[in-house]
Amino acid sequence: MFLRTRTSLRLTAGAVCAALLTTGCNAAAKGGDSGEDGGGRTFTLVTPDPVAQNEFLKLAVTGVKAAAKAHGGSQKVFQSGDNDSRQQNVASAVDAAPDVVTLVGFEFADIVAQQAEAHPEQQFLLVDACTKKTYENVTCAVFREHEAVYLAGAEAGLLTKSRKVGAVDVLDTPQFRRYSEPFAAGAKKANPKVSARTLFVGGQSPFNDAARAKDQATTLRSGGADQVMAAAAGGNTGVFQAAKGANGKGFQAYGVDANQCLGSPGVVVDNVLKKTDVAVEKGIAQILGGKGGTTVSYGLKEGGMSLTGLEPGVADSKCLIAKPANKDVLTRVEELRDAIVAGKLTVDDPAA
C-alpha cells in the first residue's frame with residue numbers, strides 16, 4: 001500500500017467553510033459542493049482533510065470536475081476533518097449511490113473495504129492507497145513517487161557546491177524512504193562524488209512537526225548539505241524556514257506533492273508533483289469503461305508524477321530551477337526523465 005505524504009498543516013473542521021474552493025462543509029455538517037445536475041453520470045469525491053490551501057486535494061477536486069464534464073454528469077465533494085467525519089461522509093456518499101465514489105488517501109483504506117463488502121454494487125476509486133484485500137468494486141490508483149524524486153535528486157547533484165545532499169523524511173519506513181533513497185540515488189547519478197544523508201522526523205506527530213523538521217534540516221546543513229529534500233509532510237514549513245538560514249548559511253530545498261515554491265520563494269529549487277487530478281479522471285474513466293477492480297500505478301510515463309520544472313508555466317512558479325542559469329540542469333533532467341519513460345533507466349523502489 002502506498003502512503004501519501006501530507007503537504008499541508010491540518011486545518012480544523014470549522015475552516016472548511018472558509019476554503020478557497022467552493023466545496024462546502026462535510027457531510028457531518030450536512031453540506032457538500034455539487035456541480036450542475038445534467039441528469040447523467042454522478043460522481044462523489046471524499047477528501048480526508050479540508051481542501052482549503054491543500055494543493056494535493058485541490059487537484060483531486062479538479063479531477064472529479066473534469067470527469068463530470070467529460071461524461072456529461074455532475075459531481076459532489078465532501079470534505080472531512082477527522083476519522084468520524086470521513087466515515088460519515090463515505091456513508092452519505094454511498095447512500096446517494098453515485099456512479100463512482102472517489103476517495104483520496106490511506107485514511108480511507110479500511111473504510112472502503114467495509115463499504116465495498118456491504119455495497120458490492122457501488123463502484124469505488126481509492127487514490128494514493130489501496131485496500132489489503134482485492135474487491136471487484138474497488139479500483140486503486142497509486143503513484144511511483146520514487147521516479148520523480150530521483151529526478152529531483154539529479155537536480156540536487158548538479159546544483160550542489162558542497163557535494164553533500166540530504167533529506168528530511170517523515171518516518172523510517174519503506175514507503176517514506178521513497179522520498180529519500182531515490183533522491184540520493186539521483187544526486188549520485190548526476191554527480192558520483194556526492195554523499196547523502198537522511199534524517200527522520202518521527203515522534204508523536206511525524207506528519208505535522210515543523211519544529212522537529214527544522215531541527216533535522218539544520219543538522220543536515222551543519223553537516224555540509226546544501227541541497228535538501230523536504231519530505232516532512234506538514235513539517236515542510238520548518239525545513240523551508242531552516243533553508244533561509246541565519247547569516248546566509250542556509251541551503252536549497254525541494255518540495256513535494258504540489259508547488260511549494262509559492263509559499264517559500266527563494267529557497268525551493270523544485271517540487272515532486274503527484275498529480276491526483278490525472279489519477280482521478282483516468283480512474284473514473286477506467287471504471288466507466290468496465291475495467292474497474294484493478295490497481296493502476298501512475299509514474300512519469302502515465303503523467304501521474306512530474307517536477308514543477310518539467311511542467312508548463314514553470315517560468316511563473318517562483319522555483320529556483322526556473323532561473324536561466326539552470327537551463328542546462330533542466331535539459332539533463334529531461335534526458336533522465338525520457339530514459340525512465342522509455343524503460344532505459346529503472347529507479348529502485350524502496351517500497352517494492
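Accessible areas here come from the Shrake-Rupley method with a 1.4 Å probe, and for residues only the protein chains shown count as cover. This is a predicted model, in which local features need pLDDT of at least 70, side-chain atom pairs count only at pLDDT 80 or more, and totals for chains, interfaces and linings use all residues. Residues are numbered from 1 along each chain as its sequence is written, and side-chain values use heavy atoms, with hydrogens and water left out.

**Figure 1. The whole chain, before we zoom in.** The protein chain has an accessible surface of about 14,600 Å², and carbon and sulfur atoms hold 48% of that. Its fold contains 9 helices and 13 strands; helices (H or I, at least four residues) and strands (E, at least two) are DSSP runs, numbered from the N terminus. Of the 352 residues, 54% count as buried. Buried means under 20% relative accessible area, exposed means over 50%, and partly exposed is in between (1.4 Å probe, protein chains only). Take the contacts (heavy atoms within 4.5 Å) with a separation of 6 or more: residues 24 or more positions apart account for 72% of them.

Figure 2. D49 sits in the loop between β2 (42-47) and α1 (55-70), while R86 belongs to helix α2 (residues 83-95), so the pair ties together parts that are 37 residues apart in sequence. Both D49 and R86 are buried.

**Figure 3. Two salt bridges, each within a helix.** An α-helix has 3.6 residues a turn, so residues three or four places apart point the same way. E55 and K58 are 3 residues apart in helix α1, about one turn of the helix, and they form a salt bridge with closest N and O atoms 3.5 Å apart. E55 is partly exposed at 33% relative accessible area, whereas K58 counts as buried at 17%. Over in helix α9 (residues 327-341), R332 and E335 are also 3 residues apart, and their side chains meet in a salt bridge at 3.4 Å, N to O. R332 is partly exposed, with a relative accessible area of 29%, and E335 counts as partly exposed at 43%.

Figure 4. K274 lies in strand β11 (residues 268-274) and is buried, with a relative accessible area of 0%. Its side chain makes a polar contact with the side chain of D128 at 3.2 Å, and K274 makes another with the side chain of E145 at 2.9 Å. A polar contact is a pair of N or O atoms within 3.5 Å; within protein, one must be able to donate a hydrogen and the other to accept it, and residues adjacent in sequence count only if both atoms are side-chain atoms.

**Figure 5. Helix α6 and its buried face.** The expected span is 1.5 Å times one less than the number of residues. Which residues of α6 are buried? They are A213, Q216, A217 and L220. Seen down the axis of α6, the buried residues fall within an arc of 100°, so they line one face of the helix; the arc is that of the directions from the helix axis to the C-beta atoms. They pack against β7 (164-169), β8 (195-200), β9 (227-231) and α7 (236-244). On the other side of α6, A211 and S222 are exposed. G224 follows α6, with a positive phi near 105°.

**Figure 6. Helix α8 and the glycine after it.** The 13 residues of α8 (residues 276-288) should span 18 Å, which agrees with the 18 Å between its end C-alpha atoms. Buried residues in α8 include T276, V278, A279 and V280. Just after α8, G290 takes a positive phi of about 80°.

**Figure 7. A258 and its surroundings.** A258 is found in the loop between β10 (252-257) and β11, and counts as buried at 7% relative accessibility. Leaving aside its neighbours within four places in sequence, A258 is in contact with E55, F56, N271, V272 and L273. S306 is 48 residues from A258 in sequence and 10.0 Å away in space, C-alpha to C-alpha.

Terms used: A salt bridge is a side-chain nitrogen of Lys or Arg within 4 Å of a carboxyl oxygen of Asp or Glu.
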